[in-house]
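Here is a short note for someone opening this structure for the first time.

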Amino acid sequence: MESLRALQFKALLNRVGPLLESSINSIPPQFPYIHSELHSHEIINHPQDSFHSATRFPIRLYQILCLSPMSQAKVPKSKGINYRLIMSLLMVFFHILMALLSFIRLKTGGLSIFKSGSVLYFSGAALGMVLLIRVSRKWPLMITHWQLVEGYIGEQKYLRVKFLVISVLVILPSMVSHVAYLPYSIFFSEHPPSISMFHLYMTRKFPQVYNLIPYSPWTAGLILLTNFSANMIYCFVDQIILMSSLALAGYFEQFNRRLLKYKSKILQPAEWKTLRMNYMRLCTLTSHVDDCICHLLFLTFVIHVYILCVDMYQGLLNKRDDAERIHVILSFSVVLSRFVAICWNTVRVYEYSKTPLSVLYGVHQRSYCTEVELFTQQILRTNTCLSGSHMFSMNRNFLLTIAGTIITFELVLMQLKEIAASI
């Protein structure tokens, strides 16, 4: 008698079979076995620590912290009022309003790339929430593809623990950096006795608002909620990218370890066919994940590169007081660590997708067959990687380009500062 889990997985195959077939039909005709293999469905193992269960806690956490519309439901609700979506759209409105107020203050005070941080911060948060709404609509289908691939490839251990650690490491340093500067500066600054420290904090933190309207506690609470939501949106965007890329790289690494066991061994064509099909399933899953999170990756790259350039210039080249310098260094360290983590994990997907070539190039002569040749050509001709809005691919060459651009930008600013000082 078949187990309940096996029956559930067969039902899942029947439900997503047409969807997977439509994606595999786009494969070039030089790989004919992929189409015939679609209906064989040889099950290796259904993972218990699945991607769906591992992402349950982070998604519920961010539903509370940033009013995210994402849900763990495998089938999106089509009836009734979606209150999470209404709250998300309301936060988008407040983020756009804060961005407009920041732009008005920036325009009256003079446009500058170093003073436009508030405009980019709130406008990026609004765009991030809109992209999260888009991801929430694609999330159930992506979870279905994850479960289908996990049924073939097998279990990835400690995935839930890894995602929990990522949540802690993303949220806590971001919150510390977010609130570190102004309480410190206010505590050591002089202020009238009639004005409370919280009042002074709000007027200094959000001058774009309180230069136009008088201070009141309810507006302060609403502004703090909007600002906190924007910070959590950036954390959630990075969290989704880190979880997806970490899980994908882990499955490619797990596949490569299995493939290394067959190095220099004689395999039958049917065995090479099974290995090639499992690799193709991972490539198809990577394509689905990239379609889901590619715009989030582009947004976080723009925000992180801007913050790194501005903080590096302000923290290293400009003379500032101790409180502001501590805030700049702390903010730079937090953003740099998250940026490096995102780059490292997304590039690993591309690097691990090319690792099987080292095994295929060393196949024994008696084991070489048409399946090995198809496997090799498939890896060489398929660009399996994550991208930013399909405009750039996450690989080593792109990271070197970004690093060179940041260094060139800082050197130009240093030269311009020296020229301005000599005039």
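1. A definition comes first. Rings of Phe, Tyr and Trp (its six-membered ring) count as a pair if their centres lie within 6.5 Å. Planes under 30 degrees apart make the pair stacked, over 60 edge-to-face, and the rest tilted. The model is predicted. A search of the whole structure gives 18 aromatic pairs.

2. Take Tyr62 and Phe236. Their ring centres are 4.5 Å apart and their planes meet at 20°, so this pair is stacked. Tyr62 belongs to helix α4 (residues 56-65), and Phe236 to helix α11 (residues 217-260). The pair links distant parts of the chain, 174 residues apart. Both Tyr62 and Phe236 are buried.

3. Phe298 and Phe392 make a tilted pair. The centres are 6.3 Å apart, with 40° between the planes. Phe298 sits in helix α12 (residues 269-316) and Phe392 in strand β2 (residues 392-393), so the pair ties together parts 94 residues apart in sequence. Phe392 is buried, at 14%.

4. Aromatic residues also gather. Phe51, Trp139, Trp146, Phe163 and Tyr251 form one aromatic cluster. A charged residue meets a ring elsewhere: Arg281 lies over the face of Tyr152, 3.7 Å from the ring centre.

5. Next, the nonpolar core. The largest one has 93 residues. Which members touch the most others? They are Phe51, Trp139, Trp146, Phe163, Trp272, Leu296 and Phe301.

6. The UniProt record deserves a look. Its unreviewed entry lists "transmembrane region" for residues 85-106, 118-135, 163-188, 232-252, 296-316, 328-347 and 398-416. How do two of these ranges look in the model? Residues 118-135 are 100% helix and 0% strand, with the end C-alpha atoms 25 Å apart. Residues 398-416 are also 100% helix and 0% strand, and there the end C-alpha atoms are 27 Å apart.

7. Tyr158 has a positive phi of about 60°, although it is not a glycine. Tyr158 is in the loop between α6 (117-153) and α7 (159-179). With 58% relative accessibility, Tyr158 counts as exposed. His390 has a phi near 60°, again positive in a residue other than glycine. His390 lies in the loop between β1 (387-388) and β2.

8. Last, Ser136. This residue lies in helix α6. Is Ser136 buried or exposed? The cut-off for buried is under 20% relative accessible area, and Ser136, at 15% relative accessibility, counts as buried. Its side chain reaches the backbone oxygen of Ile133 at 2.5 Å. Leaving aside residues up to four places away in sequence, Ser136 touches Pro69 and Met70. The C-alpha atoms of Ser136 and Ser71 are separated by 6.8 Å, although the two residues are 65 residues apart along the chain.

Definitions and conventions
Residues numbered from 1 in each chain as written. Predicted model: local features only at pLDDT ≥ 70, side-chain atom pairs only at ≥ 80, totals over all residues. Heavy atoms only, no water. Helix = DSSP H or I, 4+ residues; strand = E, 2+ residues; numbered from the N terminus. Buried < 20%, exposed > 50% of the residue type's maximum accessible area, 1.4 Å probe, protein only. Lys NZ or Arg CZ within 6 Å of the ring centre and 35° of its normal. UniProt positions renumbered as here; feature names shortened; annotations may be inferred. Core = buried A, V, L, I, M, F, W, Y, C linked by side-chain atoms within 4.5 Å. Contact = heavy atoms within 4.5 Å. Polar contact = N/O pair within 3.5 Å; in protein donor to acceptor, adjacent residues only side chain to side chain.
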